[in-house]
Amino acid sequence: MLRTSRFSWRLAALIALALSSAAVAQEATAPQYPNYPSETPATFKQSSEGFDYERREVMIPMRDGVKLHTVILVPKGAHHAGILLTRTPYDADELTTHGHTGNLGATLNGYDNAPDVIVQDGYIRVVQDIRGKYGSEGDYVMNRPLHGPQNPTPIDESTDTYDTIDYLVKNIPESNGRVGTIGISYDGFEPLMSLVNPHPALKVAVPMNPMVDGWMGDDWFHNGAFRAQNLPYILEQTASRKNEIKFSSSVHDEYDLYLRAGATGEMARRYGLEQVGFWQKLVAHPAYDSFWSDQAVDKVLAGQPLKVPTMLVHSLWDQEDIYGAIAVYKAIKPKDTGNDKVFLVMGPWHHGQEIENASSLGAVQFGSDTGLYFRQKILRPFLAHYLKDDAPANPVAPVTAYETGSNVWRTFRQWPVATQARALYLGGDGKLGFARPSGEAYQEYVSDPAKPVPFRARPIQPVGYDPGQTWSEWLVDDQREASGRPDVVSWTSDVLTQPLVIRGQPVVHLRASTTGTDSDWVVKLIDVYPDMEPMDAAMGGYQLMIAGDILRGRYREGFTVAKPIKAGAPLDYSFELPTTDHVFLPGHRLMVQVQSSWFPLYDRNPQTYVDNIFFAKPGDYKKATQRIFGDSHVDLPVTSN
């Protein structure tokens, strides 16, 4: 045993020596290069030579230690300048580099900025990635609720805004310590959050087209009907920190894409959305339970003291968040006893068009750039009053509204103005008028979930703002596309001989029956143009929707609990349409259309009651015969002035 061990040891030593010699020989023959370092520096500090602004990027610590990525653009020579803050889930770097240039206006020219106002009045522009998105640390929660029943942590968008403002006023020596929050859509939700326990340096807030209540009438549902075409947004916004996961499709017409999938839950499954926390919450809360009402921003702000002057900006044809601004105005305006804290602006725009050229929307021409008017005549003096040291007088009226039809701006002390509710009846003979019809006449149609009514002319484009996409225009599409279908019924008035002015929210009162046990009701109020328009031939006979919305019938008795519909029974359905400020001109006619699908913008109602429509089975989708009885009507908010 001893000899064998010694032999093994000697053999191992010889092998190791051989291997070592081979390695030395290989090293000696390997090519040797001189020191040739990379030409890319470990860090690069960009020169701002010739720039009219200085760019600073900082990570601002929040009270829990999480740091938020923040871009600060300071105009060269700024002194005692106000700060305009936008907090965003859409990439602060992208929002502050629309143009790779040393000109501040050019680099801000795009979403979500009003570059002319910012540059002209010398504001310090600050854009911050919210918690959990892009360059910021922490966890992302869609429209993170305030601390409370839906958020057990002490951290929310209100506290993050407070901590951000506190840092900015202490660390930007060029500022005068006055801060305004501003933003559109999700970025408009953030200024509303800044109003909760606001920082003393917050002097003004401008929420534009804000997300307020995702169930009642903004992004996720409208009166219980789910906005199915928002699935791509939900995926891209929540599946990754930097929106790197995209919703891909090989189907050109989204009508076909969604119809082939069947129920919306199946569509979501095909794209892996069951992995996303927000989607799980959506399907778990199809009714208006406490999950939604606890975080409805209008309800939250109704319970807060009114401390910060606020301008709510609303688009009359907002195809995404047409509910929010008006809901907040109604919630907080009663607190404004001096009529000097809550302001409302309504323009003839799509979602966010107020920061763009707004001379037209789709085929509708306004004759002037209404977006420019808003920025220069309303937004600019309003911000200057609160953010500049010399505090010029505020010339802005409590309410500034664009009157469509006549195409003029008007000012008011409050909204809505004095109106008279006039019932516009849907007669059984297809006639629309203010005289109540007699008898039990009705209009009837068959609604087939296998052939849902498209919400616009096919092929249906995806939701988006890329060049060539017309998503932003669908609310002003010509409704003749729908009025020619057998599953859409229309009522038309006589030709008007006098102007008819409506200001406020029309209210729908349908008396209707269905042979199904669930049903959707879509109601559209339409301005029908004369057959010939000499000054604008394209508008001849145009059917322009002034207001329209959808009600999921299972919520007829209340939004918190779904109930089956009694088949064949005439029942009452009531709901509000979006706010209007419109003149039906002489020579025009009024029209009301009713249908039972608006696809694929909204998911299909199977017309058979199921507990959760997200998971309806193919056999649940059935035809139904719908009847609209002649005493159905729309209450119009008519004004004489």
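Biologist: Is Thr159 buried or exposed?

Modeller: In this predicted model, local features need pLDDT of at least 70, side-chain atom pairs count only at pLDDT 80 or more, and totals for chains, interfaces and linings use all residues. Residues are numbered from 1 along each chain as its sequence is written, and side-chain values use heavy atoms, with hydrogens and water left out. Buried means under 20% relative accessible area, exposed over 50% and partly exposed in between, with a 1.4 Å probe and protein chains only. Thr159 has a relative accessible area of 11%, so Thr159 is buried.

Biologist: Which residues does Thr159 touch, not counting residues up to four places away in sequence?

Modeller: Thr159 is found in helix 5; helices (H or I, at least four residues) and strands (E, at least two) are DSSP runs, numbered from the N terminus. Contact means heavy atoms within 4.5 Å. With residues up to four places away in sequence set aside, Thr159 touches Arg63 and Pro154.

Biologist: Which residue caps the N-terminal end of helix 5?

Modeller: Helix 5 covers residues 157-171. A polar contact is a pair of N or O atoms within 3.5 Å; within protein, one must be able to donate a hydrogen and the other to accept it, and residues adjacent in sequence count only if both atoms are side-chain atoms. At this helix end, a side-chain oxygen lies 2.9 Å from the backbone nitrogen of Ser158, and the residue that supplies it is Asp156.

Biologist: How are helix 5 and helix 6 oriented to each other?

Modeller: Axes are lines fitted to C-alpha atoms, for helices over the stretch in contact, and angles run from 0 to 180 degrees between N-to-C directions. The axes of helix 5 and helix 6 (residues 186-194) come within 8 Å and cross at roughly 80°. Angles under 35 degrees count as roughly parallel, over 145 as roughly antiparallel, 65 to 115 as roughly perpendicular and the rest as oblique. Helix 5 and helix 6 are therefore roughly perpendicular.

Biologist: Which residues of the two helices make the contact?

Modeller: Helix 5 contributes Glu157, Ser158 and Thr161. From helix 6 come Phe189, Glu190, Met193 and Ser194.

Biologist: With which side chain does the side chain of Ser447 make a polar contact?

Modeller: Ser447 is found in strand 17 (residues 442-447), and at 5% relative accessibility Ser447 counts as buried. The side chain of Ser447 makes a polar contact, at 2.6 Å, with that of Gln607.

Definitions and conventions. The expected span of a helix is 1.5 Å times one less than its number of residues.
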